[in-house]
Amino acid sequence: TYIGSLLVSVNPYQELDIYTVTQMQLYRGVNFFELPPHLYAIADNAYRVMCSEYNNHFILISGESGAGKTEASKKILQYYAVTCPTTEQLQTVRDRLLLSNPVLEAFGNAKTLRNDNSSRFGKYMDIQFDFKGAPVGGHILSYLIEKSRVVHQNHGERNFHIFYQLLEGGDKDLLCWLGLERNPQKYMYLIQ
């Protein structure tokens with residue numbers, strides 16, 4: 001639902017057919033309250049106001065663990081990737097921005113009681129547009145990573161995914177060089 005220009009959404013914890021290219025086209029260029037509340041309406045409104053007023057705009061996404069903040073940010077990036085003017089060079093920039101997200105998540109996500117793939121860090125995403133409204137660059141800044149999760153987890157939780165991925169997929173020489181053993185049950189911090 002909307003509260004003024006704010007979108008209040010709830011994570012349904014299941015896939016819904018509301019983030020399709022057809023939905024993107026439906027919300028593109030439409031007045032804010034003309035269609036039912038949607039993340040794409042927020043993204044489109046911020047984009048159109050930025051283009052018409054020639055000034056910076058931001059979308060703030062907040063909520064508790066498991067609320068869907070990371071997914072919402074990915075959906076906004078996908079919306080801009082599909083609906084903004086493009087060139088081959090811009091497509092490369094967009095692809096890098098979208099494809100870098102899983103790598104960042106591997107380093108900063110962990111299992112919590114409410115979310116198997118919970119971001120344990122804040123994220124600031126900056127997309128730069130030219131005067132025609134075409135995205136020309138961007139960067140993602142991660143901050144406030146939960147360092148305590150490395151050495152302590154609540155019952156039923158675990159530390160960052162990247163450690164388990166390294167143990168599972170790192171070659172034998174790399175693990176030896178790092179002083180690691182493949183079996184996660186051999187680490188005191190993981191079995192307490």
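Leaving aside neighbours within four places in sequence, Y19 is in contact with H38, L39, Y40 and K75, contact meaning heavy atoms within 4.5 Å. The structure is a predicted model, in which local features need pLDDT of at least 70 and side-chain atom pairs count only at pLDDT 80 or more, whereas totals for chains, interfaces and linings use all residues. Residues are numbered from 1 along each chain as its sequence is written, and side-chain values use heavy atoms, with hydrogens and water left out.

Y19 is placed in the loop between strand 2 (6-7) and helix 1; helices (H or I, at least four residues) and strands (E, at least two) are DSSP runs numbered from the N terminus. With a relative accessibility of 33%, Y19 counts as partly exposed, a class that falls between buried (under 20% relative accessible area) and exposed (over 50%), as computed with a 1.4 Å probe and protein chains only. Y19 and R120 are separated by 101 residues in sequence and by 25 Å in space, C-alpha to C-alpha. Within helix 1 (residues 21-27) lies Q23, which is buried at a relative accessible area of 18%. When neighbours within four places in sequence are again set aside, the contacts of Q23 are D17, I18, H38 and Y40.

The largest nonpolar core contains 17 residues, and Y79 and Y80 are those with the most contacts inside it; such a core is a set of buried Ala, Val, Leu, Ile, Met, Phe, Trp, Tyr and Cys residues joined through side-chain atoms within 4.5 Å. Helix 1, helix 2 (39-53) and helix 3 are the elements that give two or more residues to this core, and the largest share, eight residues, comes from helix 2. A second, separate core has five residues, among them Y164, L175, Y187 and L190. In soluble globular proteins, nonpolar side chains tend to be buried together.

Nonpolar side chains also form a patch on the surface, made up of Y124, L141, Y143 and L144, with about 450 Å² of accessible area together. Patches consist of residues with over 30% relative accessible area and no salt bridge, with like charges joined within 9 Å and nonpolar side chains (Val, Leu, Ile, Met, Phe, Trp, Tyr) within 5 Å, and accessible areas come from the Shrake-Rupley method with a 1.4 Å probe, only the protein chains shown counting as cover for residues.

Four salt bridges are found in a search of the whole structure, a salt bridge being a side-chain nitrogen of Lys or Arg within 4 Å of a carboxyl oxygen of Asp or Glu. Side chains of opposite charge can pair when their charged atoms come close. One of these bridges joins E71 to K74, with the closest N and O atoms 3.0 Å apart; because E71 and K74 are three residues apart in helix 3 (residues 69-83), about one helical turn separates them. E71 is partly exposed, at 40% relative accessibility. D116 and K111 meet through their side chains in a salt bridge of 3.5 Å, N to O, where D116 is exposed at a relative accessible area of 55% and K111 is partly exposed at 28%. A salt bridge of 3.4 Å, N to O, likewise links the side chains of E181 and K186, with E181 partly exposed at 42% relative accessibility and K186 exposed at 54%.
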